[in-house]
Amino acid sequence: MRYSKTFIPTVKEVPADAEITSHQLMIRAGLMRKIASGTYAYLPAGWRVLRKIMEIVREEMDRAGALEAPVPMVQPMELWQQTGRDIDYGETLGRFKDRHGRWNVLTPTAEETYTYLASRELQSYKQLPVNFYQINLKYRDEFRPRFGVLRSREFIMKDAYSFDADEAMLDESYRKMYDAYCRVFKRCGLEYVIVEAESGEMGGSGSHQFTVPCANGEDVIVYTEDNAHAWNLEKAPVDPPPKAPAVEVGPPEAVHTPGVGTIEAVCEFLKTTPPQMIKTLIYTCEDQVLAVIVRGDHEVNGEKLTQLLGGRHVELADAATIEKVTGAAVGFAGPVALTGPVTLLVDHAVAAMAVGVAGANKTDYHLRNVVPGRDFPLEGDHVRVVDVRMAAEGDTYRGQPLRFRRGIEVGQVFKLGTKYSTKLGAMFLDEDGRQKPCLMGCYGIGINRIMASAIELSHDEDGIIWPISIAPWEVMVTPAGSEAEVVATAERVYEDLSARGVEVLWDDRDLRGGVKFKDADLLGLPVRVTIGKKSLAEGHVEIKLRREADRRAVPLASAADEVARLVNDLKAELTAEA
Ligand code: ATP
Ligand code: MG
């Protein structure tokens, strides 16, 4: 491709509304443009990258036996009402009413549609297993679109849905997708961590996330020092700390703490520290009231809490409920003498404390000398000692220290079981003629996120450094001057390389060398061939890898062969094992 014939509008200035590197570079390198909050237009070079990613994903899905069968982007709301997800998805679900007054959904994901399809098309165990997939647009009315295409409202997703007859078959479908994902991310040149997306405590290996570790990620990955386990922060289990040795203290003593509500303020006032504090949060779950009790320096983990309640909806109690069960203004709740039927969920770390300071269930008062197990129960009908907090620096899991890292979720595989098939009637007849719901799995990959993650992982202050498999072109040919011989040689190199099947961008623009080099760095094609007057006089051209500082002079006669070899070597680094 001649540079002058394509459209790569590079930008010098860092765009003001682009917070992170990948977003800035995607604009600056002329790959995309913002249309509105969370929606982007792709320009030709950017689209080439996306096409390559989609092609890798498509090849690996096909190879794993999945069948491409796309469904509409606009889906009938009735399907979503049947699974209740019209409500669960809340305002994130894009919807509109058509001219006939029917409500439609702009698909954020497509479990409903594929299950509906399966309910019509799959009748017998003989048709199973089957796995349908598509690569197309999704819409999510994200509360806070940000970081460019990492969290946009419209994005391209590969989503696959498997239908199986039994657990063993589902395990096999799941494993195939898991392996295909490893190959996809390897081939796209991404470093990734596989995160257990279902807590180990729950005994589930029912979901894994593929996460690219990088400083700008929105997710926090927690992993054991021996790398045997990794989770999202929301899922990371922690060991209970060892029980602190008992201390002799008198009964709880109420202290007047007027207007002192926050943990920090109480610590300051009572000359204590957050780990010595017992924090009590009141939640409601259906008609049940819960007091969740964690150490002052710990945070309640909403995901763990939901899991402890069997997946039911749980939320922070309103002020009226808090006042009713504590008999005090909001901010003074404590575990001692709550009124009414309240279930205590006591975090392990609180149960391990010898003594602490807690809210007094009396406005403007705290209690000193609160001894867990003495002053409030650690066992009984309405008490559970559990792991309900966020893992933190210093915690361990099965004795292994926990480490923390930020990351970007690029894909997820999920065993759904019969959740959707029962609701939407995707049944099949088994060998004995019995009707059974299909077992399902769903598998998503964020195509645009792969693109942005690759840039987050691989760039320098001058621009992008593409992995060759997803680079818009493989080689940049840059004539450093405008002398006729230089230009003619550049064209010949371009043609020789193209004839060898190498994808070349030839910078045929009549511009100063410096400007072209800046654009070349920004665009980040993996191999650069520079043709200059001086080296040409010696019969040489210069070859440089974008990721390395070294330049090499190569005889003009062997330049095309040498570059083609380099391109193949770079590609070989990114092939997945057979
Ligand atoms: P997140 O937790 O980041 O919101 P998710 O877990 O809701 O993502 P999935 O439903 O698992 O997303 O969707 C599959 C894949 O689609 C994700 O792994 C991610 O790569 C991509 N994806 C999801 N939401 C967005 C978005 N708003 N913008 C770009 N890609 C997205
Ligand atoms: Mg996900």
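Leaving aside neighbours within four places in sequence, Leu31 is in contact (heavy atoms within 4.5 Å) with Met26, Ala41, Tyr42, Leu43, Ala45, Gly46, Met451, Ile464, Trp466 and Leu523. Leu31 belongs to the largest nonpolar core of this predicted model, a core of 63 residues, and together with Ile53, Phe185, Ile447, Ile450 and Trp466 it touches the most other members. A nonpolar core is here a set of buried Ala, Val, Leu, Ile, Met, Phe, Trp, Tyr and Cys residues joined through side-chain atoms within 4.5 Å. Buried means under 20% relative accessible area, exposed over 50%, and partly exposed in between, with a 1.4 Å probe and protein chains only. Another core, of 27 residues, lies apart from the largest one and includes Leu536, Val541, Ala564 and Leu574. In soluble globular proteins, nonpolar side chains tend to be buried together.

The model is predicted, so that local features need pLDDT of at least 70 and side-chain atom pairs count only at pLDDT 80 or more, whereas totals for chains, interfaces and linings use all residues. Side-chain values use heavy atoms, with hydrogens and water left out; residues are numbered from 1 along each chain as its sequence is written, and chains are lettered from A and ligands numbered from 1 in the order in which they are written.

The protein chain has 16 helices and 32 strands, which are DSSP runs numbered from the N terminus (helices H or I, at least four residues; strands E, at least two). Its C-alpha trace spans about 95 × 65 × 50 Å along the principal axes. Of the 578 residues, 52% count as buried. Among contacts between residues at least 6 apart in sequence, 69% join residues at least 24 apart. The chain exposes about 26200 Å², of which carbon and sulfur atoms supply 51%; accessible areas come from the Shrake-Rupley method with a 1.4 Å probe, and for residues only the protein chains shown count as cover.

Helix α14 comprises residues 513–523, and its buried residues are Gly513, Lys516, Asp519, Ala520, Asp521, Leu522 and Leu523. These buried residues pack against α1 (21–28), α2 (44–63), β27 (463–464), β28 (475–479), β29 (504–506) and β30 (527–531). Just after α14, Gly524 takes a positive phi of about 70 degrees. Arg509 lies in the loop between β29 and α14 and counts as buried because its relative accessibility is 18%. The side chain of Arg509 makes polar contacts with the side chains of Asp507, at 2.8 Å, and Asp519, at 3.0 Å. A polar contact is a pair of N or O atoms within 3.5 Å; within protein, one must be able to donate a hydrogen and the other to accept it, and residues adjacent in sequence count only if both atoms are side-chain atoms.

Ligand 1 is surrounded by 14 residues, the closest being Arg140, Glu142, Arg151, Ser152 and Glu409; a residue is near a molecule if one of its heavy atoms lies within 4 Å of it. Oxygen atoms of ligand 1 lie 2.7 Å from a polar side-chain atom of Arg151, 2.9 Å from a side-chain N or O atom of Arg449 and 3.2 Å from a backbone N or O atom of Gly446. Taken alone, ligand 1 exposes 580 Å², and the protein buries 82% of that. The elements that give two or more residues to the shell are β8 (154–164) and β22 (400–417), and β22 gives the most, with four residues.
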